[in-house]
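Hello,

I am handing this structure over to you. Please open it first, then read my notes below.

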Amino acid sequence: MSYDPLFDDVKFTLTPPDLPTVDDLRLFNSKALVSTLDDDILSRIFMFNASLDFERTHRPSQTTRRTSQVFHKWRQVALGFPMIWAASLDFGDPLPWIEEVISRTGSAPLNVVVSSITIPNPESLWCGDAENGSLLNMLDDVSEGIDIADDIFNLALPLINRARILAIKTDKSQWESLAPALMQPHPNLQSFSLLSEVYHTSFEDLALPENLFAGPAPQLRTFHLLGFICQPEYLSFQNLTSLSVACTFAGMPSHAPWDLTAVAWLRALEGMPKLKNLDLVYCVWETTGETLAPLPTEEVSLPQLQFVKLLRNLAACSVILAYLKVPSDCSIEIRCFDVIVNDHFRLMVSAFDRMLRSVASVGAVSREELISLSINSTELSLYNTYHHQPEKGRFFILWSAQNTMDFTDILLPFVSLLRIVGPDTNNVTLTFTDLQPPTVTGCLFVDILLSFPKVETLRMTITHTFHYLLPLLSARINNPEIGDQVVLLPRLTQIALFHLPFDADPTGSSNQLFIVEDLLKLLRQRAEMGVPIGTVKFKNCKRGPGFEEGLGKMEQLGVLVDLEERHRWPEDHFVDGVISYLP
């Protein structure tokens, strides 16, 4: 095609003119300023555009294909850079195009992401932040109940040992072919995610092979497993920064050939000094008993650990928690079930005491920090978050007992932990439900509130909570520690109420309804005691009869009323005094 001086006048425009042929468009593109970029800069841009993206299906492969068709120079750069095609390989594309992309990858390390759908991609996979299991969770969520086509699976199978990122959701029949492939060397592998298509299957069917990756896999940084049995000693990957293992089996028979005890996991973790994220869910098998099994001889130190999550029964969680030495700024999430008072429980309380004191020693609690405490008839939880970074909490503790009798025994040690994290807390959310004597007494509520002497903002989302606390917050209470009467939460200046149904009639009062007059009573009595509450915030609360009149009375008391509503409450969301749905 001959040169046309017309293009000298239009090369700075953002939109090309109405050109009649593809050749004209390509010539126009070749005269644009962006066409003068050096090949190394272009290749970086192309590589960035090839990153997987969760938001747009097929985007990586489509973007790379279209980039190679803009004009001749760009096509030359794209075809001469196999890594771009390796990065944008998408096993959700039509089979002929998958084969064409594979032919263009040369020997470059691949993204082998095989699911039953096209992978909308986590950008994090190419940005080096694939440590939070997001890809594994996404594969599980969006491909549930859909089989991976055999032709796609068979095409991917011989490419596995070239993978830089390997993420596969498989079933039992495909696992028989996949397992041998995982015993080959994987010199380029940096991120591995594997999950089972079928949950609660027999444990013998889905067990990782002993010689995984035929050696140490020196580039491996993230290892995510869901629905497979994993022998801890097989995980000899000393450069791992993220380990997430979650089993889905109901139980482990006594004749099982694997050692999945807490001690075995601790031995494996000792060989992962660079670990930053640890997530063990139902994969630690420890016999529950009154006394402790043989324990490790010394602690396992993970100096770079930033987050640890344990979910299992009391025996499993207590041993790992007690013998895992982590930095003081490490976030801790422990969800522990079948909790009873025994040696394992005492070991866990001691470990929590040590860890929480370490957390508290880092510095004063930020005013942006929120402590949340929840107690019902068999379960209690304690955690902290930050208003602008809710994912950045430093600890989450959940204990669940089998019955109310066991639950009563674990309450007092739990309150002792509140005394560690509560003294400097400014903001607290309290949630109490289904608590009846003798499970909880007024003395226990007093002990809980005494743990938060500096609280300025109290948040409540359950009506029961207010009914439990009303008599304590509106009167002077005996404090056995000092032998005198005190006002609980003496610095309280703001109450925030979320998603609560209000009524005005005290007659026929129900624990499901928040009576406006009860709130007014609290405000008056706090003012009379010299500890007034200055602000009441309502967020997405159901307004019953007399609600507006009650607000007027609050303002007459000098209380600032803050109404914040993001959703309208349809009437059918409030039936018989019970919230049936929270928008």
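In which strand is serine 191 found? It is strand β3, residues 191-196. Bear in mind that the model is predicted. Serine 191 has 6% relative accessibility, so it counts as buried. Its side chain makes a polar contact of 2.7 Å with the side chain of threonine 222. Leucine 220 is 29 residues from serine 191 in sequence. In space, the two C-alpha atoms are 6.0 Å apart.

Next, threonine 425. This residue sits in the loop between α14 (404-421) and β14 (427-432). Is threonine 425 buried or exposed? Threonine 425 counts as buried, because its relative accessibility is 0%. The side chain of threonine 425 reaches the backbone oxygen of valine 421 at 2.9 Å.

Now helix α11, residues 262-270. Its buried residues are Ala262, Ala264, Trp265, Leu266, Ala268 and Leu269. What do they pack against? The partners are strands β5 (242-246), β6 (277-281), β7 (300-301) and β9 (324-325), plus helix α12 (314-323).

Last, strand β21, residues 535-539. Of its 5 residues, 4 are buried. Strand β21 pairs with two strands, β18 and β22. β18 (residues 494-498) runs parallel to β21, with 5 bridges between them. There, glutamine 494 stands opposite threonine 535. β22 (residues 560-564) also runs parallel to β21, again joined by 5 bridges. Lysine 537 has aspartate 562 in β22 as its bridge partner. From β21, the chain passes through helix α18 (residues 547-556) to reach β22. This β-α-β crossover is right-handed.

Best wishes

Definitions and conventions. Residues are numbered from 1 along each chain as its sequence is written. This is a predicted model: local features need pLDDT of at least 70, side-chain atom pairs count only at pLDDT 80 or more; totals for chains, interfaces and linings use all residues. Side-chain values use heavy atoms; hydrogens and water are left out. Buried means under 20% relative accessible area, exposed over 50%, partly exposed in between (1.4 Å probe, protein chains only). A polar contact is a pair of N or O atoms within 3.5 Å; within protein, one must be able to donate a hydrogen and the other to accept it, and residues adjacent in sequence count only if both atoms are side-chain atoms. Contact means heavy atoms within 4.5 Å. Two strands pair if DSSP finds at least two bridges between them. A crossover is right-handed if, with the strands pointing away from the viewer, the path from the first strand over the helix to the second runs clockwise.
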